[in-house]
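Reader: Got a new model to go through. Can you walk me through the salt bridges and the chain contacts?

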Number of protein chains: 4
Amino acid sequence: MTTSSTTAGELPCGSMEPAHIHRLQCSRQWRGFLAALAEEFVSALAPQELGTLMARIGMRFAAEHPLPASDTVQGLQDAMNHVWSALDWGVAELHQSPAGMDISHRFSPLAAAFGEPHAPWATGFLQGAYQQWFDAAGGAGLRVQIAAAADTLGSARLRLAA
Amino acid sequence: MTTSSTTAGELPCGSMEPAHIHRLQCSRQWRGFLAALAEEFVSALAPQELGTLMARIGMRFAAEHPLPASDTVQGLQDAMNHVWSALDWGVAELHQSPAGMDISHRFSPLAAAFGEPHAPWATGFLQGAYQQWFDAAGGAGLRVQIAAAADTLGSARLRLAA
Amino acid sequence: MTTSSTTAGELPCGSMEPAHIHRLQCSRQWRGFLAALAEEFVSALAPQELGTLMARIGMRFAAEHPLPASDTVQGLQDAMNHVWSALDWGVAELHQSPAGMDISHRFSPLAAAFGEPHAPWATGFLQGAYQQWFDAAGGAGLRVQIAAAADTLGSARLRLAA
Amino acid sequence: MTTSSTTAGELPCGSMEPAHIHRLQCSRQWRGFLAALAEEFVSALAPQELGTLMARIGMRFAAEHPLPASDTVQGLQDAMNHVWSALDWGVAELHQSPAGMDISHRFSPLAAAFGEPHAPWATGFLQGAYQQWFDAAGGAGLRVQIAAAADTLGSARLRLAA
């Protein structure tokens, strides 16, 4: 790919350049702490246990950040983004599908904070947060699953289904 | 206390006012996450275990932030503050005493992040970080102990002794 | 004042200690830039001109952060704090009085950013922001004046009157 | 461009995605203020005057952040990056050439803060900062010029020459 092949509106992203900016996704104050926390966690627990632990933390987080009632998917998405945006935690998009609800969460700080190799289990935090929010919205019996764990940019996909 | 009783150079600090500023000690992005992490931790582990866990995280953090060699206590203190200051993690002061070395760490974000009730075990992070740095500086056999856990302002005292 | 004289709920604030925390009121990224900007401004403009310039910047800021319509003073205050809180710009309180409306804005980052000596003219930013918001809310002909410029903590008082 | 066309090590950057992350280059607390400042500036001053004003601010900034003496270009570059890195202001690279010294400054927060249309004159800040640092390092008579103003990512190129 050459720079000239990018179309209008696209930014040329070289192989090295974004790394610096991606680190800015996680505030400097906690980068070192959270990286050390991640290393300690992986030395003590299996990935599945780590995912479950992060999901429990995510459920507590969402319970402390309850959403106002909403009649529509768009209203629910807006309420979620009101929380995420204020914390520089990225952007959520909800899409209803025959199989349930697709959740696209772009640009979380999880990869920048815990390190890219730990992004898969760290995504459990988003799983737990969305689970709690959907439970509170009345989605009894539906489960949030991870469809694609957070990538380098902290973007993940999840799915709510029976 | 009335405002007029404060002497020159002192700031009038009412009972309510500092709370807002103290919250600024912890970056907004991770306040909610770390508060939820703390709640999950205390539901699963005893305070002593939590202190030990935090100390292990602190040791990993310090190992990832090694200090340059220093011949003097002042040089060591400067090297430590070089790390802390860049991360908005407060200020360290070292004082040699007959019993060992007193470490005063003021204004860590630990209380603002984990919540004041959890500051005692969260102080384990500082204990582990200083332990690792003193070990690396050649203080074999000396142990860092917590003399006074982090207060509302995130200020704690520790001691290095045999 | 000794520490033991502080009553329950009050924090002991020594003469030196708060300075470190107050600096945290202004994000590290812009502290140096804004301090240099302030020095350049005072070398070129008189204090009154600086206040006017800051007021114009404040009006533009408020126009870019419009408030939802509100029927009550409380609703207006909540809408203002929704903006300020999300940016770590402190807390506003509105009080109706026979003479007009008193505005107390506590803990702005203005003193931490521009330096305490420059806080008086920097307060013009708040004056302009509130002027714009009250104009948009229908307060035609009413003027926001500074009653007490921002102090060390960035706290200021303003007044809306005919 | 499809994602599959990106080569190993490159990140897929869609047309919309980077914008969100780029905003993170400027801390949330000052985004609104600095955008309003930029609008006020362009309403009052011509681009060339704005560039000169920013250069004066940059010179004051650099004078307040003096560099330790260095015998080599690499040492000078390291000292500069020590300042920039601590403030999340990006990365500088110096390259000596027959014509003088090329300065590449990548990922400044200038475009994210002042807005991309204002990045050209905002680059004056970097021009002034490097001018002051080279003056202090003994480069009497040499001038820093802007070779390419800050782009969307805040990356600019400057040149020191007679």
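Predicted model: local features only at pLDDT ≥ 70, side-chain atom pairs only at ≥ 80, totals over all residues.

Reader: Which strands do C:Arg106 and C:Glu93 lie in?

Author: C:Arg106 lies in strand S2 (residues 100-106) of chain C, and C:Glu93 in strand S1 (residues 91-97) of chain C. The pair therefore ties together parts that are 13 residues apart in sequence.

Reader: Is C:Glu93 buried, exposed or partly exposed?

Author: C:Glu93 counts as partly exposed, because its relative accessibility is 28%.

Reader: And B:Arg106, what does that form a salt bridge with?

Author: With B:Glu93, the closest N and O atoms being 3.8 Å apart. B:Arg106 is in strand S2 (residues 100-106) of chain B and B:Glu93 in strand S1 of chain B, 13 residues apart. B:Arg106 is partly exposed at 22% relative accessibility. B:Glu93 is partly exposed too, at 29%.

Reader: How many salt bridges over all chains?

Author: The count comes to 24. One of them joins the side chains of C:Arg31 and B:Asp88, at 3.8 Å, N to O. That pair crosses between chains. C:Arg31 sits in helix H2 (residues 28-44) of chain C, and B:Asp88 in the loop between helix H4 (73-86) and strand S1 (91-97) of chain B.

Reader: Are C:Arg31 and B:Asp88 buried or exposed?

Author: Both C:Arg31 and B:Asp88 are buried.

Reader: What is D:Asp88 linked with?

Author: A salt-bridge network links D:Asp88 with A:Arg28 and A:Arg31.

Reader: What area is buried between chain A and chain B?

Author: About 2,600 Å², with carbon and sulfur atoms giving 69% of it. In chain A, A:Gln29, A:Trp30 and A:Phe33 lose the most area to chain B, together 27% of what that side buries.

Reader: How many salt bridges between chain A and chain B?

Author: Four. Among them, the side chains of A:Arg60 and B:Glu40 meet at 2.8 Å, N to O.

Reader: Which helices of chain A supply residues to the side that touches chain B?

Author: Helix H2 (28-44), helix H3 (47-64) and helix H5 (110-114) each supply at least two. H2(A) gives the largest share, 12 residues.

Technical notes: Residues numbered from 1 in each chain as written. Chains lettered and ligands numbered in written order. Heavy atoms only, no water. Buried area = accessible area lost by both parts, 1.4 Å probe. Helix = DSSP H or I, 4+ residues; strand = E, 2+ residues; numbered from the N terminus. Buried < 20%, exposed > 50% of the residue type's maximum accessible area, 1.4 Å probe, protein only.
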